[in-house]
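Today I am sitting down with a new model and my notebook. I will jot down what I looked up, in the order I looked it up.

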Amino acid sequence: MTAPEAQNTSNPNESSHPNSETATITTTADPTESFTPYTLKQTLVGHKRAISSVKFSDDGKFLATSSADKTARTWSLSSSTTSPFALHQEFTGHEHGISDIAFSSDSCYLATASDDKTVRIWDVNAGQLIKTLHGHTNYVFCVNFNPQSNMIVSGSFDETVRVWDVKSGKCLKVLPAHSDPVTAVHFNREGSLIVSSSYDGLCRIWDASTGHCMKTLIDDENPPVSFVKFSPNGKFILVGTLDNTLRLWNFSTGKFLKTYTGHVNSKYCISSAFSVTNGKYIVSGSEDNCVYLWELQTRKVVQKLEGHMDTVISVACHPTENMIASGALGNDKTVKIWTQGKD
């Protein structure tokens, strides 16, 4: 239950999740080090089944949450010191559970990926459905906008990656990406590349405009890949695999640079995030019901956030505040918000 000594100062850039009951946080920080622990700020309740995804908007004004209860919600950030998030909108209409959500860059639109085989685009402020994207032939598991937010990428249990035009709702490309379900899709900072991951053990980098596969990353072991995303600067990709490991790859050289371990992840597609608001950290959920924070360079666990009652499936870091959101599975159903105490 204890975490190794802290190194450096840092904060997640995709937040964890809210909770306002007691939560224990274990940290063993060397007094000479500057890591400030996160503490539980708020717990967001309301979803009726497992949380599947949590994401902050790029402007930091909203948190979106999705659930197996077929709904997504947006929460607005207020100046309240005790309960920073209040329910903003609820998005209903999917016929089955939602596995992932994503904001457009301007926070005006929300995309949801569902087991009903559709991606839906919603107006954030009105809470209304704008478009339903049909084409996947099995559960849609992951979704993201490109930075320009004129395109959406989605990945599915049908083993394909699809690229969609936001304005028309038409499918621009079907990439025969993998030989097993696709677990994550993400655009790089410029929107020129897409990375995808799959249970087939591969990560692939695609040219977003042509749909050509530019690179396939394979590890010797080949465990199922449960999550992938580009680093904020676009030079690296963070890869989660179902052997309880996170790896940071330099995708241009195809070499992996760092390994992060200590958490438990052998079963679920748990998301992880880069925290960059106060130092550089890696943040991840875990099947031991905790959120883990590693110092990016030293790979040391600097903190383990305890409070959820089930697997922490998704984490996100706020773009500008030292804040993490975390969401957990069906024995918990909450999103917890964690913040770093002021020095």
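This is a predicted model: local features need pLDDT of at least 70, side-chain atom pairs count only at pLDDT 80 or more; totals for chains, interfaces and linings use all residues.

**Entry 1: the surface.** I then looked up burial: of the 343 residues, 59% count as buried.

**Entry 2: the fold in outline.** I looked up the secondary structure and found 29 strands and 0 helices. Next I turned to contacts between residues at least 6 apart in sequence, and 52% of these join residues at least 24 apart.

**Entry 3: the cores.** I looked up the largest nonpolar core here, and it has 15 residues. Those with the most contacts inside it are Y38, V283, V291, L293, L305, I324 and W338. Which strands each supply at least two residues of this core? I wrote down β2 (38-44), β24 (281-284), β25 (290-295), β26 (301-306) and β27 (312-317). Of these, β27 gives the most, with 3 residues. There is also a second, separate core of 14 residues; among them are V225, V228, F230 and F251.

Entry 4: I followed an open sheet of 4 strands, in the order β11-β12-β13-β14, with antiparallel pairing. Which strands stand at the edges? They are β11 (140-145) and β14 (171-175). Each has a single partner strand, so one side of each is left without a neighbour in the sheet. From one strand to the next, the twist averages 20 degrees. I zoomed in on one pair: β12 (residues 151-156) and β13 (residues 161-165) run antiparallel and share 5 bridges. Within this pair, I found G155 opposite V161 in β13.

**Entry 5: the cysteines.** A disulfide is a covalent bond between the sulfur atoms of two cysteines. I looked for such bonds and counted 0 disulfides. C269 counts as buried because its relative accessibility is 14%, under the 20% limit. C317 is buried too, with a relative accessible area of 1%.

Key. Residues are numbered from 1 along each chain as its sequence is written. Side-chain values use heavy atoms; hydrogens and water are left out. A nonpolar core is a set of buried Ala, Val, Leu, Ile, Met, Phe, Trp, Tyr and Cys residues joined through side-chain atoms within 4.5 Å. Buried means under 20% relative accessible area, exposed over 50%, partly exposed in between (1.4 Å probe, protein chains only). Contact means heavy atoms within 4.5 Å. A disulfide is a pair of cysteine sulfur atoms within 2.5 Å. Two strands pair if DSSP finds at least two bridges between them. Axes are lines fitted to C-alpha atoms, for helices over the stretch in contact, and angles run from 0 to 180 degrees between N-to-C directions.
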